[in-house]
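Reader: I would like to learn how to read a helix, a sheet and a nonpolar core from a set of coordinates. Could we go through them one by one?

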Amino acid sequence: KDVRQKIYIHPDFVCIDEFGGKQGQTQPTESIMLDLKNKLIIHLDHEFKKIKSETFDERRKRIEARKKQVEDDILAHPNGEAKDKLKKLYRALLDDKRCFALAQDNGPAKKALGVACQPIKIVDAAAPDYAPFEAQMHPTLNLPYDNTEALYLLQLIGKSMSEFLRVHKERFKYVHMELHLDLATGGHLDTKVISVMKMEKSNLPSEARGTLGSPFMAPTNYERVQKVKKPAPKKEDERPD
């Protein structure tokens, strides 16, 4: 899947506009907002003008529930090729027992937007051939927010990887000009930054997102979608005859 994104980053708020894979598309089809101050994740569907949100704590609980379901699915599979494929697909999500380490050989440095980047690679200390995280870091441009927690909450990395990045946050606080990542949702992610612009929030052009408004404020004219809770199963003595 080939997706273009434009990311607006502020210490209190992050907005990720996604443009999908259609050639020449100028308006984002959806957006993910991280309200870092109020600990909210907001999803916007621009086509149908719908908005749904959940707290950071709700997202963490959902991730843990998903991990448990994946673990149960793998255990239920008989040994063989299908089970091995499942384990490989979700190895970034089920990383609790992995011991990550910084690789001794990070590979060659690359240039991005005329700047020499700093290569960095994370490997599993028990299986050094497995490198779930490789990046080319900008040498001076800092990220103004906790990128490690965001990557976990967006379900890009697992819990253990998030903790490793937090411990080594001085190494990972810079803009990732290239990122190659084993995804916690399954599959693989390859990203490359093609443009960076730094400015004061007050100087952001009002037309930057067309008619969508500020990237640091959720719209008020979208229909709110609430999660529907499944009813608790009835006890045997409560079932109708």
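Reader: Which residues in α1 are buried?

Author: Keep in mind that this is a predicted model. Burial is a matter of relative accessible area, and a residue is called buried under 20%. In α1 the buried residues are Phe56, Arg59, Ile63, Lys67, Val70 and Ile74. Seen down the axis of α1, these buried residues fall within an arc of 85°, so they line one face of the helix.

Reader: What does the face of α1 turned away from its buried side carry?

Author: That face carries the exposed residues Lys61, Leu75 and Ala76, where exposed stands for over 50% relative accessible area.

Reader: How many residues does α1 have, and what does it reach from its first C-alpha to its last?

Author: The span of a helix can be set beside the value expected at 1.5 Å a residue; α1, with 21 residues, reaches 30 Å, close to the 30 Å expected.

Reader: Against which elements do the buried residues of α1 pack?

Author: They pack against the strands β3 (30–35), β4 (40–45) and β5 (50–55), and also against the helices α2 (81–89), α3 and α4.

Reader: Which residues have the most contacts inside the largest nonpolar core?

Author: In this core of 38 residues, those with the most contacts are Ile122, Phe133, Ile157, Met161, Leu165 and Phe172. Two or more residues each come from β2 (13–18), α1 (56–76), β9 (118–124), β10 (133–142), α3 (147–153), α4 and β11 (174–182). The largest share, five residues, comes from β11. Leaving aside neighbours within four places in sequence, methionine 161 is in contact with Asp95, Phe100, Ile122, Pro132 and Phe133. Apart from this core lies another, of ten residues, among them Tyr8, Leu44, Leu212 and Phe216.

Reader: Is serine 162 buried or exposed?

Author: Serine 162, which lies in helix α4 (residues 159–167), has a relative accessible area of 12% and is therefore buried. Not counting residues up to four places away in sequence, serine 162 touches Thr148, Glu149, Tyr152 and Ile157.

Technical notes
Residues are numbered from 1 along each chain as its sequence is written. This is a predicted model: local features need pLDDT of at least 70, side-chain atom pairs count only at pLDDT 80 or more; totals for chains, interfaces and linings use all residues. Side-chain values use heavy atoms; hydrogens and water are left out. Helices (H or I, at least four residues) and strands (E, at least two) are DSSP runs, numbered from the N terminus. Buried means under 20% relative accessible area, exposed over 50%, partly exposed in between (1.4 Å probe, protein chains only). Contact means heavy atoms within 4.5 Å. A nonpolar core is a set of buried Ala, Val, Leu, Ile, Met, Phe, Trp, Tyr and Cys residues joined through side-chain atoms within 4.5 Å. The expected span of a helix is 1.5 Å times one less than its number of residues. The arc is that of the directions from the helix axis to the C-beta atoms.
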